[in-house]
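Work through the exercises below with the sequence and the model in view. Each task is followed by a solution in steps.

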Amino acid sequence: MDFLPISIDDMKKRGWDQCDFVFVTGDAYVDHSSFAAAILSRLLERYGYKVGIIAQPDWKDLDSFKVLGEPRLGFLVNSGNIDSMVNHYTTFRKKRSTDSYSPGGKANLRPDRAVTVYSNRIREAYRHVPIIIGGIEASLRRLAHYDYWSDTVKRSVLLDSGADLLVYGMGEKALVQIAESLDSGLPIGEITFINGTVYKTKDRERPYEPLFLPDYKEVSSSKQKYAKSFKIQYENTDAISGKTLVEQYDTVYVVQNPPMETLSTSELDDVYDLDYMMDCHPVYKKDGGIPALNEIKFSITSIRGCFGGCSFCALNFHQGRIIQARSHESILSEVEKMKHDKEFKGYIHDVGGPTANFRIKACKKQEKFGACKDKECLTPEKCKNLQVDHSDYIELLRKIRKVEGIKKVFIRSGIRYDYAIYDNNDEFLEELCSHHVSGQLRTAPEHVSESVLKLMGKPSIATYSKFVKKFSDISKKMNKEQYIVPYFISSHPGSTLKDAVELAEYIRDMGHMPEQVQDFYPTPGTLSTCMYYTGINPLTDEKVYVPRDKEEKRMQRALMQYSKKENYDLVERALLKENRRDLIGYGPKALIKPRKN
């Protein structure tokens, strides 16, 4: 077993004259099951295809895209594990100085809008070779979308990139079907029948029983039409109930086929049983490796999918709401492999996924009908059909802890605290407190204002407080000094300055200041981003207040860390603006002291 070829010399060592596919990615080459490029390239390898890797090519040099020659079947392109624009810019659009997915954390090794730039350059180099794009950046830009960085509504990335086909969501099944179609001699322009893909056509009659979205001219000029389009897309993200969607661009139609069916447990097990090296390519060792790998090398993906329904999360559009869980046997096999890594010290950093304590589908109805189009599982209140059961996860964690050589198993994925307290017993919380927390448990209440939480798709703060008390009580009972570290978001759509002051008062009463605070980031594919751009909740058609003024956003952020000296002026201005002079003083309720004369 070895890394896939990154050079002609590597190809020659394998006796290859030509690759079937060349995978171009914006990340450094890490052959680990947490990296999409590794999963998809190894999957194609299992099906007998020859795959080479071009990682972080110099987009200014066309020869960088020619290092493996012309592939027999096509180029596969993604931006890497995260969106290149999120990777490059903060919420205030300031350039980041590091990149965790690059050698030594070095920045600027991939371009802005990497999928588009890479695809355009490949087309320059190889005019007639099929280009298939995918990954998070392409998936969430598959149709017209609001682009925060340019403050415009952009076209489908399929058009701007010049690619032939787009794979959205988790692409294993779709990509294998594409490979088999190309290998059979079918032209790329005829591959329009695969679920989980987006194609372009000039033939309006080609899509089968489609729903026509408002066209690009409409969504780019009318926020009401944009919200309407988003709602239709939002209601068609399930593999069972989702319909074909069509978006018109003058004489061209961009067609989104229904989502690909989710992987079964055995199929998901197969994905994680592929021949990964579970490391970065040796060429990066001299630079100190890849920082992102250090975070996840000894973490285990237990599930895919999430029915949490957070408005600011794009999982609904990418992985979907249906839980797909690996078997215990598959996960225990990965633990055994981990033990043989010379860097492994006996500590597993995480066993989870988008939400750690989801291991089963939200309800039995999902098996036949898919996720509900018109309601969420957990908010604004728990659905009567929701299955709350941690028994499988508890059993899995116990099995892992019993493996010889395992010293500690941490849970660092998000815990959905409302789901945890809806359980009819405290067994999971007792297991969590006893075995899987290292002093601090990170949770994400996100806000305290009930109106903001409703827009966020989060439970009430009373639910969170109930969880905090239960966690604290169980920890004390076990004589463990353990704390909850909450995450909050400032300036989310719906959050007024008054709401931000309410959050600051809650933080004051907690007795400790958040170390990190997060401003709302309007990334493509989220309900919150639609609200941010349009000022409309597309699900209800109600108007939503959006904090857009830079000064107000700075004040909302400063209020979450009101005791920091550098935030004093902003906090004072916020309190005076809200007529909350009662919070300026020397008493226990004051946020700041009066300004000295």
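For sorting residues, Ala, Val, Leu, Ile, Met, Phe, Trp, Tyr, Cys and Pro count as nonpolar, Asp, Glu, Lys and Arg as charged, and the others, Gly among them, as polar. The model is predicted.

**Exercise 1.** Describe the second largest cavity and sort the residues of its lining.

Solution.
- Step 1: The space in this second largest cavity is about 90 Å³.
- Step 2: It is lined by 13 residues, and those closest to its centre are Cys363, Gln366, Cys372, Cys377 and Cys383.
- Step 3: Sorting the lining of the second largest cavity gives 7 nonpolar, 3 polar and 3 charged residues.

**Exercise 2.** Find how many cavities of 30 Å³ or more the structure holds, and state which elements supply the lining of the largest cavity.

Solution.
- Step 1: There are 5 cavities of 30 Å³ or more.
- Step 2: The largest cavity has a volume of about 210 Å³.
- Step 3: Its lining has 21 residues, with Ala144, His145, Tyr226, Phe230 and Gln233 the closest to the centre.
- Step 4: At least two lining residues come from each of strand S6 (145-147), helix H9 (223-234) and helix H21 (527-534).
- Step 5: The most is given by H9, with 4 residues.
- Step 6: By class, the lining of the largest cavity holds 10 nonpolar, 9 polar and 2 charged residues.

**Exercise 3.** Determine how helices H20 and H22 are placed relative to each other.

Solution.
- Step 1: Helix H20 covers residues 497-510 and helix H22 residues 550-559; their axes come within 8 Å and cross at roughly 15°.
- Step 2: Angles under 35 degrees count as roughly parallel, so H20 and H22 are roughly parallel to each other.
- Step 3: The crossing of H20 with H22 is left-handed.
- Step 4: From H20, Leu497, Ala500, Val501 and Ala504 meet Glu552, Met555, Gln556 and Leu559 of H22.
- Step 5: This contact between H20 and H22 is made up of 6 nonpolar residues, 1 polar and 1 charged.

**Exercise 4.** Repeat the analysis for helices H15 and H17.

Solution.
- Step 1: The axes of helix H15 (residues 391-402) and helix H17 (residues 427-435) come within 10 Å, crossing at roughly 25°.
- Step 2: By the cut-off of 35 degrees, H15 and H17 are therefore roughly parallel to each other.
- Step 3: H15 and H17 cross in a left-handed sense.
- Step 4: Tyr393, Ile394, Arg398 and Arg401 of H15 meet Glu427, Phe428, Glu431 and His435 of H17.
- Step 5: The contact of H15 with H17 divides into 3 nonpolar, 1 polar and 4 charged residues.

Key:
Residues numbered from 1 in each chain as written. Predicted model: local features only at pLDDT ≥ 70, side-chain atom pairs only at ≥ 80, totals over all residues. Heavy atoms only, no water. Axes fitted to C-alpha atoms, helices over the stretch in contact; angles between N-to-C directions. Parallel < 35°, antiparallel > 145°, perpendicular 65-115°, else oblique. Left-handed = near helix turned anticlockwise from the far one by under 90°. Contact = heavy atoms within 4.5 Å. 1 Å grid on protein atoms, 1.4 Å probe; cavity = no way out; pocket = protein on both sides within 12 Å on 5 of 7 lines; lining within 4 Å. Points joined across faces, edges and corners; volume = space filled by probe spheres on them.
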